[in-house]
Amino acid sequence: MSGSINNYTNQMHVAANRAYGEQIHPQAESYQQMMDRMPQLIGDPGIQLVTSLEDRDKAIVDNINADQHAVSHLKYLNSDRDLSIDKQSKALDKYLDSQDEEASLRKYLVFGVQWVSLVTENLLSHPFIVLRRQCQVYNASKRYHLHPLQLMPSIMHLHRRQGVTTLWKGLGSCLLVRGMTLAIDDVISKFTSWPKDVDSRTTLKRFGQHLLLKSISIGLVVPFYAASLVETVQSDIASEKPGLFDVFREGSLRLFYWSSPQKGRMLPAWALIGPSVTMGITKYLFSLVIRGVSSRIMRRRLTMKQEQRGAKYRDDTLEHQNAEIYANLISMLTTEMLFFPFETILHRLQLQGTRTIIDNLDNGYAVVPILTNYQGAIDCYRTTIQTEGVAGLYKGFGAVVLQFAAHVAVIKLTKWVVGKITECISSRPPARIVQYYNLDRASAVLVGGNNSNNSTTISPSISSTELDVHSVGQNSLD
């Protein structure tokens with residue numbers, strides 16, 4: 001290139017000398033003669049070569065200036081703009097790198113949420129279960145405790161007279177009965193290959209086998225459940241404290257006395273198993289339906305929110321777990337409300353003839369014996385309606401309201417704590433930063449393989465940033 005320019009320069013000097021060599025003696029020629037010879041000089045090939053060289057040099061300079069201008073424009077973008085391309089790419093890279101750490105963290109958080117839900121359902125709900133059962137079995141009570149405000153004075157009096165542990169009685173026997181139910185389900189499933197759990201893909205035959213397994217399990221557990229009910233409602237100050245495994249002894253005695261009652265007015269086992277299995281299976285089926293519908297609705301709402309944010313490929317295991325917990329809570333609340341009257345009848349039948357003395361929740365100070373003489377479930381229902389009215393079937397419903405209010409409060413608190421832990425430990429940016437920079441949408445595009453476009457949407461401020469790297473210097477000469 002440099003050699004060519006030198007040759008062009010020499011030729012330009014030669015052409016200039018040829019053109020103006022005859023001007024050594026300007027006095028010999030007049031100004032009019034010079035003007036007459038100018039067209040010949042302009043038509044000279046040397047002069048045309050000078051003009052083409054000047055145009056070529058100008059084009060080279062213009063291309064170099066255009067490239068420098070493009071580079072300076074990029075530097076200006078990277079240094080001065082608030083939402084620059086470089087900052088966005090760094091933020092996106094950091095966000096994508098944090099996904100692996102966040103996935104492992106979410107596994108522990110999901111386990112923690114499941115554990116808290118299990119503890120709440122089996123332990124923290126027990127005081128309210130005690131209050132509900134005591135109200136249900138007391139047929140001569142004057143206060144029905146249909147809302148939580150009626151229970152507050154009685155709870156305060158019980159704590160003042162018997163201590164904090166008065167509402168935790170029978171907890172061990174309740175846990176043993178629940179564990180026994182799970183063990184029976186497992187044993188039957190192993191010997192018969194009947195499914196312990198079902199889902200939407202379960203065939204009709206397998207579902208029938210599952211219901212048969214549940215029926216056998218409920219029927220075998222009924223005598224032990226009745227023994228646990230006695231330990232739950234009896235007064236601590238008027239009865240001896242039962243041993244840890246007394247529930248097995250009392251339940252076995254009731255099971256062995258199949259056709260004849262163990263005590264005076266105690267109903268035989270066969271009279272209790274039929275109504276208990278019928279209500280248990282019906283309640284279980286209703287719970288499955290409500291939980292399935294609630295879970296589908298919540299998952300659908302969660303999916304719609306993700307699509308609106310553009311986060312189709314984000315790991316939302318924790319959110320789905322929260323949806324399952326709320327669906328289970330809705331199912332429990334709906335089922336308890338609908339089957340509460342039937343549960344009242346069964347509890348009165350199971351407690352009859354046990355000579356149990358309970359706390360009088362009308363005032364919270366005295367104790368009263370349970371004296372009933374029902375002939376069966378139908379007789380219990382008719383007697384309750386005649387003597388106590390329809391509201392008598394809902395005695396203690398205020399305790400159910402307190403139970404689920406406490407359950408929701410614990411779930412809300414756990415969700416808040418999990419969110420704070422996630423923000424502190426995870427490297428994921430806060431929610432407002434993710435929403436502003438639209439990092440979820442950018443990561444979803446990358447995961448989905450949508451890398452063919454030259455425009456990348458990062459934030460609302462910059463809708464698209466297009467840069468064709470081949471355009472820089474495309475007019476330059478090699």
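The model is predicted, so a local feature needs pLDDT of at least 70 and a side-chain atom pair pLDDT 80 or more, while totals for chains, interfaces and linings use all residues. Residues are numbered from 1 along each chain as its sequence is written, and side-chain values use heavy atoms, with hydrogens and water left out.

**Stop one: glutamine 136**

Select residues 126-137, which form helix H5 and hold glutamine 136. Helices here are DSSP runs of H or I with at least four residues, numbered from the N terminus. Is glutamine 136 buried or exposed? Its relative accessible area is 0%, so glutamine 136 is buried. Buried means under 20%, exposed over 50% and partly exposed in between, with a 1.4 Å probe and protein chains only.

Now show the side chains of threonine 344 and histidine 347. Glutamine 136 makes a polar contact of 3.2 Å with threonine 344 and another of 2.8 Å with histidine 347. A polar contact is a pair of N or O atoms within 3.5 Å; within protein, one must be able to donate a hydrogen and the other to accept it, and residues adjacent in sequence count only if both atoms are side-chain atoms.

**Stop two: H5 against H8**

To see the contact (heavy atoms within 4.5 Å), pick Val130, Arg133 and Gln134 on H5, then Tyr225, Leu229, Thr232 and Val233 on H8.

**Stop three: salt bridges**

The whole structure has 12 salt bridges, each a side-chain nitrogen of Lys or Arg within 4 Å of a carboxyl oxygen of Asp or Glu.

Aspartate 185 sits in helix H7 (residues 171-192), 29 residues from lysine 214. Both aspartate 185 and lysine 214 are buried.

Move along H7 to lysine 190 and aspartate 186, four residues apart, about one turn of the helix. Their salt bridge has its closest N and O atoms 3.3 Å apart. Lysine 190 is exposed at 65% relative accessible area, and aspartate 186 is partly exposed at 23%.

Definitions and conventions: Helices (H or I, at least four residues) and strands (E, at least two) are DSSP runs, numbered from the N terminus.
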